[in-house]
Amino acid sequence: MNFTISSPANAVIGRYNLTLQVTSGNKIFSRFLGQFVLLFNPWCPGDDVYMANENERQEYVLNENGIIFVGNAKYIEARGWYYGQFQDHLLNICLTMLDLSLYYRQNPAIDVSQRGDPKYVGRVISSMINGNDNDNGVLLGKWQGSFHSHENPSRWDGSVVILQKWRQDNYKPVQYGQCWVFAGVMCTVLRCLGIPTRLVSNFNSAHDVDRNLSIDKYYDSSGKSLNIGKDSTWDYHVWNESWFIRPDLGTSYNGWQVLDATPQEQSK
């Protein structure tokens, strides 16, 4: 017999077991046929991640190589990055990442039931790319001090070696990452799961901690700078955008959605 599997466009992604059950009279026979993996499908018009333009699907889903822009506004550097989302064992690593998350550990049934929603999966992956909140995340962030005992973030040039090291070290965070490294690895994982994803670089980037839409600096009466404000500006910052619809917000919000895995603050 030949079997054709036709899954709903909003089906939960992940590994499935396929079992054949035959009933004959009052006897039931079961046989395990194997496993298959279901992913998001940007070629399927009913899927939340559907991307109509074939050239964009080639770029944001299938392309394993890219360029990340870093540096500062007066000297922008183009850095090559190998995403490698189709390399051996990467899919298994990405699926394991979902099962290691705090979301899954706190309530496996609810977590798995939401894996057909790219919003939810994007948030889980965004949390798991960094390990700064003690959740077995992929990379530990570090911006100051010496890197001599571990890898300097500037020496990474691709995601595959980072994800493989994470698995080989029994899912302990790899040291170290910074914004472009987090974004590069996140792009790999989301493309691997079928979600169209790209990187965005921003120069003269402002970090507004207290959300008053200004960067606050404090000085004493003599004009000396006081180190009491938490706001900051960076030469640049890199994050991700993923393509999917937003039924929760309305059609005007469909399209590119911002996700940022850099652990500057916990996202709650």
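Q: What percentage of the residues in the protein chain is buried?
A: In this predicted model, buried residues account for 40% of the 268 residues in the protein chain. A residue is called buried when its relative accessible area is under 20%.

Q: Where do nonpolar side chains tend to be in soluble globular proteins?
A: In such proteins, nonpolar side chains tend to be buried together. In this structure, the largest nonpolar core comprises 48 residues. Met97, Ile125, Ile129, Ile162 and Trp180 have the most contacts inside this core. At least two core residues come from each of several elements, including strand 3 (65-72), helix 2 (90-100), helix 5 (118-129) and strand 10 (232-244). Helix 7 gives the most, with eleven residues.

Q: Which residues does Ile162 touch, leaving aside those up to four places away in sequence?
A: With those neighbours not counted, Ile162 touches Trp81, Val138, Leu139, Trp156, Val174, Val181 and Val185.

Q: How is the surface to be described, and what of the charges?
A: The accessible surface of the chain is about 15500 Å², and carbon and sulfur atoms hold 48% of that area. The chain carries 23 positive and 26 negative charges, whose mean positions lie 6 Å apart.

Methods:
Residues are numbered from 1 along each chain as its sequence is written. This is a predicted model: local features need pLDDT of at least 70, side-chain atom pairs count only at pLDDT 80 or more; totals for chains, interfaces and linings use all residues. Side-chain values use heavy atoms; hydrogens and water are left out. A nonpolar core is a set of buried Ala, Val, Leu, Ile, Met, Phe, Trp, Tyr and Cys residues joined through side-chain atoms within 4.5 Å. Buried means under 20% relative accessible area, exposed over 50%, partly exposed in between (1.4 Å probe, protein chains only). Helices (H or I, at least four residues) and strands (E, at least two) are DSSP runs, numbered from the N terminus. Contact means heavy atoms within 4.5 Å. Accessible areas come from the Shrake-Rupley method with a 1.4 Å probe; for residues, only the protein chains shown count as cover. Lys and Arg count as positive and Asp and Glu as negative; His and the chain ends are not counted. The place of a charge is taken as NZ of Lys, CZ of Arg, CG of Asp or CD of Glu.
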